[in-house]
There are 2 protein chains.
Amino acid sequence: MVTAGSRKGSRSHVERAERGIPEATVARLPIYLRALTSLGDRDVVTASSEDLASAAGVNSAMLRKDLSYLGTYGTRGVGYDVNYLRYQIAREIGLTQDWSVVIVGIGNLGRALANYSGFASRGFQVVALIDSDPERVGERIGELTVSSLDDLDAILRSESVSIGVIATPAGAAQDVCDRLVEAGVGSILNFAPAVLAVPDSVDVRKVDLSIELQILAYHEQRKAHGLALLSDDTVATAGVL
Amino acid sequence: MVTAGSRKGSRSHVERAERGIPEATVARLPIYLRALTSLGDRDVVTASSEDLASAAGVNSAMLRKDLSYLGTYGTRGVGYDVNYLRYQIAREIGLTQDWSVVIVGIGNLGRALANYSGFASRGFQVVALIDSDPERVGERIGELTVSSLDDLDAILRSESVSIGVIATPAGAAQDVCDRLVEAGVGSILNFAPAVLAVPDSVDVRKVDLSIELQILAYHEQRKAHGLALLSDDTVATAGVL
DNA sequence: ACGATTTTGTTCTCTCGTTCACAAACTCCT
DNA sequence: AGGAGTTTGTGAACGAGAGAACAAAATCGT
């Protein structure tokens, strides 16, 4: 009853709207989605932010704040309706529609990706496999046949593909990337160990095994060193040169 | 030329020491390392922060700050000695020693990882492949033979493996993770779409295809929507191309 | 020898992300 | 109906990361 200026609270759906969900939040929504799906499969109807947070491995306050960017989908004193929230997140991410994906570079990794069932399970459909090696063109993988890099443009234009996956060696990555962008692909997932240059309008995410391992190695080394000599490690430095 | 109190600059090597390189910086060091290697292979002897930054796809101020956490390895007015800096970063990350890696889960992805040459190229050596499926045990992949999950403990203890890669289905991930931790593995790279619970002393990094695609899908959807109904900055976005 | 030029290392500032803490809103029990 | 107990949504404090800007330190030309 005090609450002097509490009447500004008319900022509803539209205004809170879809403009500007923080990038860090976007990156966590898929995790929440997975947690919700898992709960839903176990016939859980309602979940508190605490439940969800622990299933997703995050802090509950952060989860609540993340969800608040989407709208007010919870009920105080109760929690979140699992299926309703799941749908809302799926809609926000864009999983209510299907996305066509092309994979370029059918080596070890590209082949594994082509066979990966997790793609299709959510709304991602691999519509083409591309490789520059004539040896590989024509090879059949699952439902698809490997096409030549020369046909990339034609294929993309006929299928309206918006996501491209690059699984080529580093040397070929930028060229392939340019071609994908040229053909209108707006988002690229890059597995090649190379830095890609793209126009601002194109999104790139990279997945780099080697880098992940190196980060882990750094921490491992740190743990080991910490135990060995625990003052300053100038000893190690002194050995060099 | 005012500069009243500039005489505090006696904080040198020892004090700036290796304790506490920001996580964001650690994640970029491997990228710098790659850029340096590439330059070195082209016989470039010296590179400025600007050169390196553009090769790594980052801002030059950020690169300089990152490198300053390691020590003072540049020369003002000149730049960085490519090979020297490369060695310093490699040492900092821990690539001057070899790291043993075990891969658990030899499905599509696990097999691709086992064949991936990028592992060995830097100091990572795959010493064992593990799978729970008796069908797969005994299969030969490259130099290695797939071992049973039951033998995991024995293998790890005999080889002193510090990094484990999980490429199993989601359902098996936590169990495998527990076993790896139990056997003394300190760092885990998780490809399974699952949240892993581990003790604080263990580092986990996850690579999740499905999540990456969903993040891209979100941005794609946003671009599409932005063109349809415009307000705010959609104009700028629309202006591209 | 010295000023002009280059380029690093670092300080300052701003933005973004995370966590805390609590009022508001809901349920349940008596 | 009303009070006790839960749980959300969010304002505010806090911390980490990124970029701009500049003094310090090196080279080069004269």
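Predicted model: local features only at pLDDT ≥ 70, side-chain atom pairs only at ≥ 80, totals over all residues.

**Entry: DNA strand C**

I began with the surface near DNA strand C, which by class holds ten nonpolar, twelve polar and seven charged residues. I then listed what surrounds DNA strand C and found 29 residues, the closest being Pro22(A), Gly77(A), Ser49(B), Gly74(B) and Gly77(B). Two or more residues of this surface come from each of helix 1 (23-41) and helix 3 of chain A, and from each of helix 2 (49-56), helix 3 and strand 3 (79-81) of chain B. Which element gives the most to the surface near DNA strand C? I found helix 3 of chain B, with five residues.

**Entry: DNA strand D**

I repeated the search for DNA strand D and got 28 residues around it, with Ser49(A), Gly74(A), Gly77(A), Pro22(B) and Gly77(B) coming nearest. From chain A, helix 2 (49-56), helix 3 (60-70) and strand 3 (79-81) each supply at least two residues of the surface near DNA strand D, as do helix 1 (23-41) and helix 3 (60-70) of chain B. Helix 3 of chain A gives the most here, with five residues. I sorted the surface near DNA strand D by class and noted ten nonpolar, twelve polar and six charged residues.

**Entry: chain A as a whole**

I counted ten helices and ten strands in chain A. Of its 241 residues, 35% are buried. I also looked at contacts in chain A with a separation of 6 or more; residues 24 or more positions apart account for 54% of them.

**Entry: strand 4 of chain A**

Why is strand 4 of chain A largely enclosed by the rest of the structure? Five of the six residues of this strand (residues 99-104) are buried, so I recorded it as largely enclosed. I then looked up its pairing. Strand 4 runs parallel to strand 5 (residues 124-131) of chain A over six bridges, and there Ser100(A) has Gln125(A) as its bridge partner. Strand 4 also pairs in the parallel sense with strand 8 (residues 163-166) of chain A, over four bridges. In strand 8 the bridge partner of Val102(A) is Gly164(A).

**Entry: contact between chains A and B**

I found that the contact takes 51 residues from chain A and 51 residues from chain B. On the side of chain A that touches chain B, at least two residues come from each of helix 1, helix 5 (108-115), strand 9 (187-190), strand 10 (203-206) and helix 9 (209-228) of chain A. Helix 9 of chain A supplies the largest share of that side, 14 residues. By class, I noted 25 nonpolar, 14 polar and twelve charged residues on the side of chain A that touches chain B.

**Entry: Leu95(B)**

I ended with one residue. Leu95(B) sits in the loop between helix 4 (82-93) and strand 4 (99-104) of chain B. Is Leu95(B) buried or exposed? I put it down as buried, because it has 22 C-beta neighbours inside 10 Å and the cut-off for buried is 20 or more. Leaving out residues up to four places away in sequence, Leu95(B) touches Gln214(A), Ala217(A), Ala90(B), Arg122(B) and Gly123(B). For Leu95(B) and Arg122(B), I noted a C-alpha to C-alpha distance of 7.2 Å at 27 residues apart in sequence.

Notes: Residues numbered from 1 in each chain as written. Chains lettered and ligands numbered in written order. Near = placed C-beta within 6 Å. Nonpolar A, V, L, I, M, F, W, Y, C, P; charged D, E, K, R; others polar. Buried ≥ 20, exposed ≤ 12 C-beta atoms within 10 Å, placed from the backbone. Contact = placed C-beta atoms within 7 Å. Pairing = 2+ DSSP bridges.
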